[in-house]
Structures are given as C-alpha cells and as structure tokens.
Amino acid sequence: MNFMLNLTPQERDVLAEIVRLDNEYSMLPEDKRAKFILSTDMRKEMRELVKIEEKQFNVIISRLKKKLLFNKPLIDDNNLLHQ
C-alpha cells in the first residue's frame, strides 16, 4: 500500500506498530481501543520500540493523520485507524 501513501521508513514503522496494537487489542470497543493505542503510555512504548524521539514521533503521528487512503484519513480525528 506504500505506493499509494508514499510513507517514509519511520512512518511505515510507526504505522506498523499502530496496526499491530490495533489487532492485538481488537477485543476492546473501537473507540476505547483508539484512545488506548495513542495514550501517553502506549506512545512511549511505541517510541522505544521504533527508537524515535518524542518530538519526531508526534510529527509522524500528525503526518499519518493527514494521509488519505481511498479518500479517508489513515487515522481520523478520533484516532480510529482506517479499515
């Protein structure tokens, strides 16, 4: 899907972590899962896993929220991941 999104390697790493967590916590209701995945503690864990500083990580999340996949945001305003 990268040919449509044109993601950098860091953006791909962060998105992969978000997708992994979304699948891992799929038993939670969608809205709670979205809040949990991008909570402060989970962001810290993701940053440590992909070895990115906090400021850069926040920039990457912001850029991912601006990316569109099939005319829908990849991550919407409620932090829900595009299906």
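Glu17 sits in helix α2 (helices are DSSP runs of H or I, at least four residues, numbered from the N terminus). This is a predicted model, in which local features need pLDDT of at least 70 and side-chain atom pairs count only at pLDDT 80 or more, while totals for chains, interfaces and linings use all residues. Residues are numbered from 1 along each chain as its sequence is written, and side-chain values use heavy atoms, leaving out hydrogens and water.

Glu17 is buried, at 13% relative accessible area (buried is under 20%, exposed over 50%, partly exposed in between, with a 1.4 Å probe and protein chains only). Leaving aside residues up to four places away in sequence, Glu17 touches Met46, Leu49 and Val50 (contact means heavy atoms within 4.5 Å).

Arg20 forms a salt bridge with Glu17, with the closest N and O atoms 2.9 Å apart (a salt bridge is a side-chain nitrogen of Lys or Arg within 4 Å of a carboxyl oxygen of Asp or Glu). Both residues lie in α2, 3 residues apart. Arg20 also meets Glu24 in a salt bridge, at 2.6 Å, N to O. Shared partners join Glu17, Arg20 and Glu24 into one network.

The structure holds 3 salt bridges. One of them pairs Glu11 with Arg63, at 2.6 Å, N to O. Glu11 lies in α2 and Arg63 in α5, so the pair ties together parts 52 residues apart in sequence. Glu11 is buried, at 2% relative accessibility. Arg63 is partly exposed, at 30%.

## The nonpolar core

The largest nonpolar core has 16 residues; Val14, Ile18, Leu38, Met46 and Leu64 touch the most other members. Helices α2 (9–24), α4 (40–50) and α5 (54–66) each supply at least two residues of this core. Such a core is a set of buried Ala, Val, Leu, Ile, Met, Phe, Trp, Tyr and Cys residues joined through side-chain atoms within 4.5 Å.

## An aromatic pair

There is 1 aromatic pair. The ring centres of Tyr25 and Phe36 are 4.8 Å apart and the planes stand at 75°, so the pair is edge-to-face (rings of Phe, Tyr and Trp, its six-membered ring, pair with centres within 6.5 Å; planes under 30 degrees apart are stacked, over 60 edge-to-face, the rest tilted). Tyr25 is in the loop between α2 and α3, and Phe36 is in helix α3, 11 residues apart. Phe36 is partly exposed, at 31%.

## An exposed loop residue

Lys51 lies in the loop between α4 and α5. Lys51 has a positive phi of about 55°, although it is not a glycine. Lys51 is exposed, at 73% relative accessible area.
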